[in-house]
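Please keep the sequence and the structure in view while reading.

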Amino acid sequence: MARSYLIFGLISLLLVSFSLGSSVDVPFIVAHKKASLTRLKSGAEHVSVSVDIYNQGSSTAYDVILTDNSWPQDLFEVVSGNTSISWERLDAGGLLTHSFELEGKAKGLFYGAPAVITFRIPTKAALQEAYSTPILPLDVLADRPPEKKFEWAKTPLILEHYNLLDCGG
């Protein structure tokens with residue numbers, strides 16, 4: 001009996017919170033940060049970073065600012081783009097994307113922090129803040145074995161061997 005009241009109470013609480021949540025007209029920012037490494041022929045390594053910012057809410061976010069200060073200047077140098085950018089607005093259901101490229105200066109494992117997104121809601125005086133997902137650790141300038149780019153050339157020889165079999169034809 002008590003269990004029935006508990007379940008009923010939880011369901012009622014969920015329904016009330018859903019109905020209240022759906023009536024609030026605010027932006028809801030979700031951001032995804034990605035980074036990938038590219039080794040250049042010169043031996044240098046570039047880090048390509050992109051941040052996708054989605055507004056999953058029901059109203060526009062204004063004065064949107066993306067700041068990604070997780071790249072120490074003694075470890076990385078910006079070679080293309082900027083680590084910060086601003087937009088006038090991000091409409092409900094909208095997407096903003098920003099990319100930049102860095103060059104790694106030091107060898108080692110790097111754990112990047114989330115990017116920070118600030119924005120304004122017309123009904124609130126204070127700036128709102130959201131965070132992107134963090135990136136997976138990057139092993140910058142790591143010793144890697146050379147790629148075997150011509151490994152696929154052996155595959156036709158294997159297939160050719162099987163074609164020599166008598167298939168009844």
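## Salt bridges in the predicted model

In this predicted model, the count of salt bridges comes to 6. Three of these pairs are described here, including the distance between nitrogen and oxygen in each.

| Salt bridge | N to O distance |
|---|---|
| Asp-68 and Lys-33 | 3.0 Å |
| Lys-34 and Asp-52 | 2.7 Å |
| Asp-91 and Arg-89 | 2.8 Å |

The side chains of Asp-68 and Lys-33 meet in a salt bridge at 3.0 Å. This pair links distant parts of the chain, since Asp-68 belongs to the loop between β3 (61–67) and β4 (76–80), while Lys-33 is found in strand β1 (residues 29–39), 35 residues apart. Asp-68 counts as buried because its relative accessible area is 1%, and Lys-33 is likewise buried, because its value is 2%.

A second salt bridge joins Lys-34 to Asp-52, whose closest N and O atoms are 2.7 Å apart.

The salt bridge between Asp-91 and Arg-89 has its closest N and O atoms 2.8 Å apart. Asp-91 is partly exposed because its relative accessibility is 36%, and Arg-89, with a relative accessible area of 38%, is partly exposed as well.

Conventions
Residues are numbered from 1 along each chain as its sequence is written. This is a predicted model: local features need pLDDT of at least 70, side-chain atom pairs count only at pLDDT 80 or more; totals for chains, interfaces and linings use all residues. Side-chain values use heavy atoms; hydrogens and water are left out. A salt bridge is a side-chain nitrogen of Lys or Arg within 4 Å of a carboxyl oxygen of Asp or Glu. Helices (H or I, at least four residues) and strands (E, at least two) are DSSP runs, numbered from the N terminus. Buried means under 20% relative accessible area, exposed over 50%, partly exposed in between (1.4 Å probe, protein chains only).
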